[in-house]
Amino acid sequence: MIDSDFVSPKNLITLFFHRKGLLILFVIFTFCNASDSNPQTDITRLENQSNQLVPTQTESQNTSETETSAQNNDSNAEDNDNSDDGNNPHSESKNSEQKTKNEDYLIEGPIFRVSYNEIKEQPNWLEYTIRPNLRATTSRDGRNFYDVDSVHTSDDDDYYKNVWDKGHLAPAAAFIDSDFYMHESFSYLNCTLQHQSLNRGQWAVLEGELRKRANQYQKRVCVRIELIFDDQSVTLPTDAVVPSGYIKYSYIEGVGQECYQFENKKPLGSWREQVIDCPKDIGCYNPK
């Protein structure tokens with residue numbers, strides 16, 4: 001032990017080196033403790049820090065796959081939205097193609113045969129037969145024309161507040177012996193846009209004349225009516241086309257044939273003044 005009251009030069013030197021050695025030992029001890037820390041822990045910490053900044057390759061691939069899957073799902077959803085559910089433009093277009101209008105729709109019914117033009121919303125022609133000795137068992141009272149689901153015909157709107165009557169082609173008066181026949185005569189397939197002065201005038205008078213001939217000859221009178229469409233035909237705002245006129249054929253077997261042509265307007269004279277040479281021969285329509 002060094003006496004604190006007296007410190008010789010030699011003792012000072014010894015003390016200096018003694019304390020310096022202790023300092024050196026302290027530094028070495030501290031360094032060793034620092035180097036003894038777990039290197040694996042430091043590496044793990046560095047990796048965690050790195051993971052927080054840059055995704056690993058696996059995570060990047062998973063992210064890309066997730067985004068691709070989401071895009072595919074969106075694409076499938078769009079495909080499903082465009083499916084033929086009847087509510088999308090593709091479906092409407094398909095339906096429109098399926099419902100293409102027919103210019104020559106041939107229909108054979110219980111009392112008449114008709115070629116119907118769905119574009120013009122009028123018949124092209126119609127045939128029927130007048131039978132003799134009819135007994136009235138029904139009436140036209142309270143009846144009106146009705147639509148036919150399977151055919152695009154004219155309708156009530158085409159006749160609203162204008163000069164065009166719902167003109168029968170096969171007249172109701174030729175089918176007074178059956179309620180069923182009477183009903184059939186009021187189909188829009190049997191209706192034409194006919195000038196009211198013609199429908200209620202000489203056209204109706206000629207229909208009565210042909211019924212008289214059936215009773216007179218005791219034979220059927222076969223009738224064919226052809227509608228005339230030309231540059232004089234008028235297209236209504238409702239898209240129905242008004243025929244410019246009519247050719248009416250009448251044929252009685254064993255008696256002969258007579259034909260008439262009317263303009264679709266108020267006649268200037270009697271139906272007798274409308275007689276023309278028949279463009280062709282006709283036969284009788286015999287409903288099945």
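Tutor: What follows covers the disulfides, then the aromatic pairs.

This is a predicted model, in which local features need pLDDT of at least 70, side-chain atom pairs count only at pLDDT 80 or more, and totals for chains, interfaces and linings use all residues. Residues are numbered from 1 along each chain as its sequence is written, and side-chain values use heavy atoms, with hydrogens and water left out.

A disulfide here is a pair of cysteine sulfur atoms within 2.5 Å. The whole structure holds 2 disulfides. One of them joins cysteine 222 to cysteine 284, with an S to S distance of 1.3 Å. Cysteine 222 belongs to strand β6 (residues 221–228) and cysteine 284 to the segment after β11 (275–276), so the bond ties together parts 62 residues apart in sequence. Helices (H or I, at least four residues) and strands (E, at least two) are DSSP runs, numbered from the N terminus. Cysteine 222 counts as buried at 1% relative accessibility, whereas cysteine 284, at 23%, counts as partly exposed. Buried means under 20% relative accessible area, exposed over 50%, and partly exposed in between (1.4 Å probe, protein chains only).

The other disulfide is formed by cysteine 259 and cysteine 278, whose sulfur atoms are 2.0 Å apart. Cysteine 259 lies in strand β10 (residues 256–263) and cysteine 278 in the segment after β11, so this pair connects parts 19 residues apart in sequence. The torsion about their S-S bond is about 110°, so the disulfide is right-handed. Cysteine 259 is buried, with a relative accessible area of 0%, while cysteine 278 is partly exposed at 26%. With the bonded cysteines of the protein chain numbered in sequence order, the pairing reads 1-4, 2-3.

Rings of Phe, Tyr and Trp (its six-membered ring) pair if their centres lie within 6.5 Å; planes under 30 degrees apart count as stacked, over 60 as edge-to-face and the rest as tilted. By this rule there are 8 aromatic pairs. Among them, tyrosine 159 and tyrosine 188 have ring centres 6.3 Å apart and planes at 25°, so they are stacked. Both of these tyrosines are buried. Tryptophan 203 and phenylalanine 262 pair edge-to-face, at 5.4 Å centre to centre with 65° between the planes. Tryptophan 203 and phenylalanine 262 are buried.
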